[in-house]
Amino acid sequence: MAEPQRDTEDPTETNMTFSAGVFPASSSLTTKELQQNLKAVKQRDRPVRLLFEIPSTRIIEQTLSKYVVYAVVVMRSGSFDSHRLSVERRYSDFSRFHHTLLQEFNEELEEVVLPRKLLTGNFCPEIISERRLALQDYLAKLYATRCVRHSPHFPKFFTEQEQKRAHDLLRAGQFRLALEQLQTVLEIQEKLAPWQNPTLPVPTLCALAVCYRDLEKPEQAFAVAQKALPAARRYGLKDYRAALLELLVDLGYQLGRPVAQLQEELTVLRDAERGEVSSRSLKELVVQDFI
């Protein structure tokens with residue numbers, strides 16, 4: 001049987017090493033200060049891993065259906081993670097996720113088994129508790145499988161529903177509600193960032209910039225657009241890059257920020273990529289996402 005690939009080659013999980021210059025000259029420090037410095041360095045350099053917890057469930061009853069939802073908490077270890085984010089998923093969401101993964105990683109997942117579907121007893125408290133723990137263990141095993149952890153399917157399971165909900169709200173002009181969903185998505189994406197494509201949060205940051213601007217919060221819109229721009233530059237996201245630059249120039253004038261370099265970059269980009277770079281605004285790009 002194929003063994004799941006483990007963490008030995010993951011750059012986020014290398015052994016801690018110390019080099020000259022980590023600490024100030026020891027002659028000027030007390031033993032207590034040295035111990036505090038060592039503790040700080042260990043805390044900073046501790047390998048980062050994801051932890052998954054399903055602390056609670058609830059039963060949803062609708063006119064024609066009844067089902068259980070599981071609150072999935074995503075945490076990062078190795079550094080202090082003060083914000084425990086959670087999303088709610090049904091068993092059917094886990095099942096679809098597992099089927100998608102098997103299509104690509106069937107051999108690697110031979111020993112990773114999704115808790116089986118039950119025909120009766122699904123709403124019995126003991127069964128719900130047993131399945132809650134089994135699903136929690138299932139996520140831990142998926143994360144321990146390197147190819148899955150680095151797959152784009154992994155973050156989609158934790159964010160796609162919220163992304164779609166946020167963009168539906170954005171298209172309906174409900175920017176404040178969209179903002180709440182997008183902030184959750186961004187925080188989860190940032191927790192997953194060490195194992196994913198660096199462009200993962202760009203669409204989310206762009207949607208946040210649009211929401212902030214329409215809520216007349218130009219400072220926040222400028223800040224998140226600035227955060228999205230480096231990845232759009234580096235990884236060739238030309239349409240996003242042009243739209244972000246256009247937004248930053250506009251907001252920069254409004255806020256009294258220097259925009260000459262941004263304006264020059266936008267002009268050079270459009271001249272160099274004439275006909276290949278969309279002239280659509282950032283909002284026009286964003287509303288087309290997750291339809």
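Modeller: A residue counts as buried when its relative accessible area is under 20%, as exposed when that area is over 50%, and as partly exposed in between. This is a predicted model, and the structure holds 14 salt bridges. One of them joins Arg-233 to Glu-265, with the closest N and O atoms 2.8 Å apart. This pair links distant parts of the chain, since Arg-233 lies in helix α8 (residues 218-234) and Glu-265 in helix α10 (residues 260-272), 32 residues apart. Arg-233 has a relative accessibility of 36% and so counts as partly exposed, whereas Glu-265, with a relative accessible area of 15%, is buried.

Helix α5 (residues 153-171) holds both Lys-156 and Glu-160, which are four residues apart and therefore separated by about one helical turn. Their side chains meet in a salt bridge at 3.7 Å, N to O. Lys-156 is partly exposed because its relative accessibility is 42%, and Glu-160, at 28%, is likewise partly exposed.

Arg-171 and Asp-168 also belong to helix α5, where they stand three residues apart, so that about one helical turn separates them. The side chains of Arg-171 and Asp-168 form a salt bridge at 3.0 Å, N to O. Relative accessibility is 33% for Arg-171, which is partly exposed, and 47% for Asp-168, which is partly exposed as well.

Finally, salt bridges can also be followed through a network, and here one links Arg-89, Glu-162 and Arg-165.

Terms used
Residues are numbered from 1 along each chain as its sequence is written. This is a predicted model: local features need pLDDT of at least 70, side-chain atom pairs count only at pLDDT 80 or more; totals for chains, interfaces and linings use all residues. Side-chain values use heavy atoms; hydrogens and water are left out. A salt bridge is a side-chain nitrogen of Lys or Arg within 4 Å of a carboxyl oxygen of Asp or Glu. Helices (H or I, at least four residues) and strands (E, at least two) are DSSP runs, numbered from the N terminus. Buried means under 20% relative accessible area, exposed over 50%, partly exposed in between (1.4 Å probe, protein chains only).
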